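This briefing covers selected features of one protein chain, grouped by topic. Please read it alongside the sequence and the coordinates shown below.

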Amino acid sequence: MIILGIETSCDETAAAIVDDTGTIRSNLVLSQLKEHEAFGGVVPEIAARAHLEHLDTLIRAALSDANLTLDDIDGVAATCGPGLIGGVMVGMMAGKAIAAAKNLPFIAVNHLEGHALTPRLTNQNLQFPYLLLLVSGGHTQILVAEGVGRYKRWGTTLDDAAGECFDKSAKLMGLPYPGGPNVEKIASECQNPAAALERFPLPRPLINKNKHDLNDLDFSFSGLKTAVRTHVDNLPAGDLSRADIADLAYAFQSATAEILSQRVEKALKRFRQTYKIDQPDLILCGGVAANKTIRAALEACNATLHAPPLELCGDNAAMIAWAGLECLRTGHSDPLDFKARPRWPLDPEENR
């Protein structure tokens, strides 16, 4: 099978062609960084208009790069949520139109499942069940993937997502958008890590709460962000040097990595007890999965870590095409009256 994937849930317009051998025949991503940079974040209407302007050209280019036409495609997968509803609608309607015109199956892909299944694209020997840490600008969750479309949520953020905390903390430090990569970049300039941690003692919210309760796996990042603000405000006015920012960014990144790894260690204990698997597969996915410090912290956990290559961590259409292909393998496709969902939890029993 050969699947066309379309992704427009936020500020990347993307189209890709993937086949059932796991070969990515093309994977094009058009960033909108310049359009949103002046606002310090994504403006939904601007994002939707950019998707509308560029998506058809991108689909043609993806087909051309793969040396294919729409007559060679066996199905169309498009992100139908969660995300910014205007952008989601653009990609969903384009996918439906192609499916209808070519009489192809249409697969409405949950953007989060696209991330969750990406490791099976790059390693098709990876079997269910596995433990999943999904960290992005909009989500921070611990889930168990029991199969395609079958997820159990064990923990989520009670306030900010980790990626959101990166972006907001970067803005407090005067770093440009997007915040996450710029925090990581300047943190690498920290000259004395031990001194930076002592100078900027940041909290690890919830890390000591109910330490032995394996069901308590939620996150909180708002207090960490507030602490960053306090440290910035306490520095001499107008005297926030690059060295200051490097030290604070290092301390912030270290705190985030410790919070995530501590929660994952607890989740791994619960996973072993529940599924009787001594050496679990641990999946790190989502845009924040590109952060090398967080990857290193999770590599130290007692599990086999799988993380997508950096080019597949952020939003892309290859993961959407692959998720669509996995759904088709189970015999599932969606009707053309499927409605876009701005909120679409992976766990159907999720209550918040």
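Helices here are DSSP runs of H or I with at least four residues, numbered from the N terminus. The model is predicted.

**Salt bridges**

- The count of salt bridges comes to 15.
- Side chains of opposite charge can pair when their charged atoms come close.
- In one of these salt bridges, the side chains of glutamate 45 and arginine 49 meet at 3.1 Å, N to O.
- Glutamate 45 and arginine 49 are separated by about one helical turn, because they are four residues apart in helix α2 (residues 44-65).
- Arginine 49 has a relative accessible area of 56% and is therefore exposed, the cut-off being over 50%.
- Glutamate 146 forms a salt bridge with lysine 152, with 3.5 Å between the closest N and O atoms.
- Lysine 152 is partly exposed, at a relative accessible area of 41%.
- A further salt bridge brings together the side chains of aspartate 160 and lysine 225, at 3.0 Å from N to O.
- This pair links distant parts of the chain, 65 residues apart: aspartate 160 is in the loop between β8 (150-156) and α5 (162-172), and lysine 225 is in helix α8 (residues 222-234).
- Both aspartate 160 and lysine 225 are buried.
- Salt bridges link Asp160, Glu164, Lys168 and Lys225 in a network.

**Strand pairing around β4**

- Strand β4 (residues 75-81) is mostly covered, with seven of its seven residues buried.
- Strand β1 (residues 2-7) runs parallel to β4 and is joined to β4 by four bridges.
- Within this pairing, isoleucine 6 has alanine 78 in β4 as its bridge partner.
- Strand β5 (residues 106-110) also pairs with β4 in the parallel sense, over five bridges.
- Valine 109 in β5 stands opposite threonine 79.

**Nonpolar surface patch**

- Ile85, Met89 and Met93 make a nonpolar surface patch of about 260 Å².
- Isoleucine 85 has its place in helix α3 (residues 85-102).
- With a relative accessibility of 39%, isoleucine 85 counts as partly exposed.

**Glutamine 124**

- Glutamine 124 lies in the loop between α4 (111-122) and β6 (130-135).
- The relative accessible area of glutamine 124 is 34%, so this residue is partly exposed.
- Leaving aside residues up to four places away in sequence, glutamine 124 touches Asp20, Thr21, Gly22, Trp322 and Arg329.
- A polar atom of the glutamine 124 side chain lies 2.6 Å from the backbone oxygen of threonine 21.

**Histidine 231**

- Helix α8 contains histidine 231.
- Histidine 231 is buried because its relative accessible area is 17%, and buried means under 20%.
- Apart from residues up to four places away in sequence, histidine 231 touches Arg199, Phe200, Pro201, Leu202 and Leu248.

Key:
Residues are numbered from 1 along each chain as its sequence is written. This is a predicted model: local features need pLDDT of at least 70, side-chain atom pairs count only at pLDDT 80 or more; totals for chains, interfaces and linings use all residues. Side-chain values use heavy atoms; hydrogens and water are left out. Helices (H or I, at least four residues) and strands (E, at least two) are DSSP runs, numbered from the N terminus. Buried means under 20% relative accessible area, exposed over 50%, partly exposed in between (1.4 Å probe, protein chains only). Contact means heavy atoms within 4.5 Å. A polar contact is a pair of N or O atoms within 3.5 Å; within protein, one must be able to donate a hydrogen and the other to accept it, and residues adjacent in sequence count only if both atoms are side-chain atoms. Patches are made of residues with over 30% relative accessible area and no salt bridge: like charges are joined within 9 Å, nonpolar side chains (Val, Leu, Ile, Met, Phe, Trp, Tyr) within 5 Å. Accessible areas come from the Shrake-Rupley method with a 1.4 Å probe; for residues, only the protein chains shown count as cover. A salt bridge is a side-chain nitrogen of Lys or Arg within 4 Å of a carboxyl oxygen of Asp or Glu. Two strands pair if DSSP finds at least two bridges between them.
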